[in-house]
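The sequence and structure are shown first.

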Amino acid sequence: MEEIKRLRAEIDVIDEEILKLLNKRAKLAKSIGEIKKQLNLEIHSPEREREVIDRLVKLNKELYGEEFPSEAVKHVFREIMSACLSLEKELRVAYLGPKATFTHQASLEHFGLSAYYIPVPTIRDVFVEVETERVDYGVVPVENTTEGVVNYTLDMFLEFSVKIVGEVVIPIKLHLLSTSRSLEEIKEVYSHRQALAQCRNWLEKNLPHAKLIETDSTARACEIVLEREGSAAIASEVASYTYHLNILAENIQDNLSNYTRFLVLGKRDMKRTGKDKTSILFAVRDEVGALYKALESFYKYGVNLTKIESRPSKKKAWDYVFFADVEGHIEDENVRLALEMLKERTQMVKVLGSYPRAITEEG
Ligand SMILES: C=C(O[C@@H]1C=C(C(=O)O)C=C[C@H]1O)C(=O)O
């Protein structure tokens, strides 16, 4: 016991030191903010924030052998920078709500707890908020490892001129939430279409007679379940706290390694960080080998194509557009040349954005 007391006293001294340094840091960030305002510079600098995290994770490995986990370094500094930035400017972020959706979780992970979050009811509303500059950023889901692409999000890029300025990938863990205490009482299960699909096998096995009802989001399902006895929602752990629901069954998604990728939308171009991705939209002429010729542009300049999706153009029947992600930034020479060639070989090319790749557990 004596030993614990002594060690805790040492921790107290360190905590005071950390606190002192945090305040010192906040003061410096405020001064930077004032200079940026005078010079009319963009206050939020995600590129700088990325550089800070990458540098510290590297130091943490090299100097300290990760005594304090590098994953935690990312989270702690995410919050420190979120708080420092809020002293310079209030960051407004719209996300597909209501509260406690996975998009909310992804937004918090990307911007930290000190941003001001605005839940909006639809993916289209997120695009509208960003386009009209009522918010600085918007966050929408774009693809899931089990269920594939969120087509609705891709289609919005045909209508709006917002940019992709970032991406976030989070693991999706789905739970069965209810006001009831036992599985036997559950007659109805509410959730977003994708979440219901991701739990298909579990539901067939454990609740074969329950009626499955689709909702606009997993969080909306929780709101409904609060008012309906004998019903359950499929949603996140955060949703269980937010809506005060019991977790009747944990991790019920069929595929235990289930991830969703979200896009961060904004209005300006991101600077090159060296770990970037570029998303593009293009349309090919209706002729033999058109897509082959288009993709040759990437092959010729050694640009790695990480994803390609086709969607109806909505202008003419059987007319398609392609969404592609490539590694690198539009200012990288090989990406620039590949896009030039792509422009010559297609009907239309629109760069949706070059942005820093998601910070994943692998780094
Ligand atoms: C302090 C700055 O402003 C913001 C806060 C940052 C931080 O706390 O480190 C980093 C980038 C900016 O989003 C800065 O630009 O350096």
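## Annotated spans

In residues 92–267, the end C-alpha atoms lie 13 Å apart, and the span is 32% helix and 34% strand. Helices (H or I, at least four residues) and strands (E, at least two) are DSSP runs, numbered from the N terminus. The model is a predicted one: local features need pLDDT of at least 70, side-chain atom pairs count only at pLDDT 80 or more, and totals for chains, interfaces and linings use all residues. Residues are numbered from 1 along each chain as its sequence is written.

UniProt, in an unreviewed entry, annotates residues 92–267 as "domain: Prephenate dehydratase". The unreviewed entry also lists "domain: Chorismate mutase" for residues 1–92. UniProt positions are given in the numbering used here, feature names are shortened, and annotations may be inferred rather than shown by experiment. Over residues 1–92 the chain is 82% helix and 1% strand, with end C-alpha atoms 48 Å apart.

## Shell around the ligand

The residues surrounding the ligand are A29, I32, H44, S45, R48, E49, V52, M81, C84, L85 and E88; a residue counts as near a molecule if its C-beta atom, placed from the backbone, lies within 6 Å of it. Two or more residues of this shell come from each of α1 (2–38), α2 (46–64) and α3 (70–88). Helix α3 gives the largest share, 4 residues.

By class, the shell has 6 nonpolar, 2 polar and 3 charged residues. In this classification, Ala, Val, Leu, Ile, Met, Phe, Trp, Tyr, Cys and Pro count as nonpolar, Asp, Glu, Lys and Arg as charged, and the others, Gly among them, as polar.

The axes of α1 and α3 are 8 Å apart, and the two helices pack at an angle of about 45°, which makes α1 oblique to α3. Axes are lines fitted to C-alpha atoms, for helices over the stretch in contact, and angles run from 0 to 180 degrees between N-to-C directions. Angles under 35 degrees count as roughly parallel, over 145 as roughly antiparallel, 65 to 115 as roughly perpendicular and the rest as oblique. L22, R25, A26, A29, K30 and G33 of α1 meet I80, C84, L87 and E88 of α3, where contact requires C-beta atoms, placed from the backbone, within 7 Å. These residues divide into 6 nonpolar, 1 polar and 3 charged.

The axes of α2 and α3 come within 10 Å and cross at roughly 145°, and this crossing is also right-handed. On α2 the contact involves E49, V52, I53, L56, V57, N60 and K61, and on α3 it involves S70, V73, K74, F77 and M81. The class counts for α2 with α3 are 7 nonpolar, 2 polar and 3 charged.

## The α11 and α12 pair

Helix α11 (residues 290–300) and helix α12 (residues 333–345) have axes that come within 8 Å and cross at roughly 165°, which makes α11 roughly antiparallel to α12. Residues K293, A294, S297, F298 and K300 of α11 contact A338, M341, L342 and R345 of α12.

The loop between β1 (92–96) and α4 (102–111) holds P98. The peptide bond from G97 to P98 is cis, with omega near 0°. A100 lies in the loop between β1 and α4; A100 has a positive phi of about 75° although it is not a glycine.

Definitions and conventions:
Contact = placed C-beta atoms within 7 Å. Left-handed = near helix turned anticlockwise from the far one by under 90°.
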